[in-house]
Amino acid sequence: MDDATDLREAGLRVTAARLAILEAVRAGDHSDAEHIARDVRAKVGHVSTQAVYDALHALTGARLLRRIEPAGSAARYEARVGDNHHHLVCRRCGAVADTDCVVGLAPCLVPSDTHGFTVDEAEVVFWGVCPQCQVGSGDPRGDGAAKRAP
Ligand SMILES: [Zn+2]
Ligand SMILES: [Zn+2]
């Protein structure tokens, strides 16, 4: 299925900006809204930051995108949806990497006491230091760009 079909099936209007956002997120690596907005503008011309945020919100709500919000970092977006993968996050530069869920299905952790809740997801973030930062060449700006550098 292509993006336009996905949008229509999600009940969203197909716009050049939304298509460009989906493309930018797919091409990116857990990009934040600022990076996505920059990519989108390079592709379709002026789109306001607010419009990008609104579209990201709609696309996330329609589950075409997934948002992750590591503590202390801007929200990141990814197009890998529909599985229960987790993330490794670098404490120094904020780089994010996917890691498959060892169990496969949510929730992959069970609380010791559910207090009567029905539990459908355990949000797991593995914090540590990425390979680049371990050798001292991580990106101190914290936007994960170092990970994309050649
Ligand atoms: Zn790092
Ligand atoms: Zn991911």
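**Nonpolar cores, sheet and domains of the predicted model**

The largest nonpolar core comprises 17 residues, among which I21, V25, I36, V40, V52, L56 and L59 have the most contacts inside it. A nonpolar core is here a set of buried Ala, Val, Leu, Ile, Met, Phe, Trp, Tyr and Cys residues joined through C-beta atoms within 7 Å; a residue is buried if 20 or more other C-beta atoms, placed from the backbone, lie within 10 Å of its own. At least two residues of this core are supplied by each of helix 2 (16–27), helix 3 (33–44) and helix 4 (49–61), and helix 2 gives the largest share, 6 residues. Helices (H or I, at least four residues) and strands (E, at least two) are DSSP runs, numbered from the N terminus. A second, separate core of 6 residues includes V89, C90, A95 and V96.

This is a predicted model, in which local features need pLDDT of at least 70 and side-chain atom pairs count only at pLDDT 80 or more, whereas totals for chains, interfaces and linings use all residues. Residues are numbered from 1 along each chain as its sequence is written, with chains lettered from A and ligands numbered from 1 in the order in which they are written.

Strand 2 pairs with strand 3 (residues 76–78) in the antiparallel sense over 3 bridges.

The protein is divided into domain 1 (3–68) and domain 2 (83–150), with bounds from an automatic or database domain assignment.

Key: Two strands pair if DSSP finds at least two bridges between them. A residue is buried if 20 or more other C-beta atoms lie within 10 Å of its own, exposed if 12 or fewer, and partly exposed in between; C-beta atoms are placed from the backbone.
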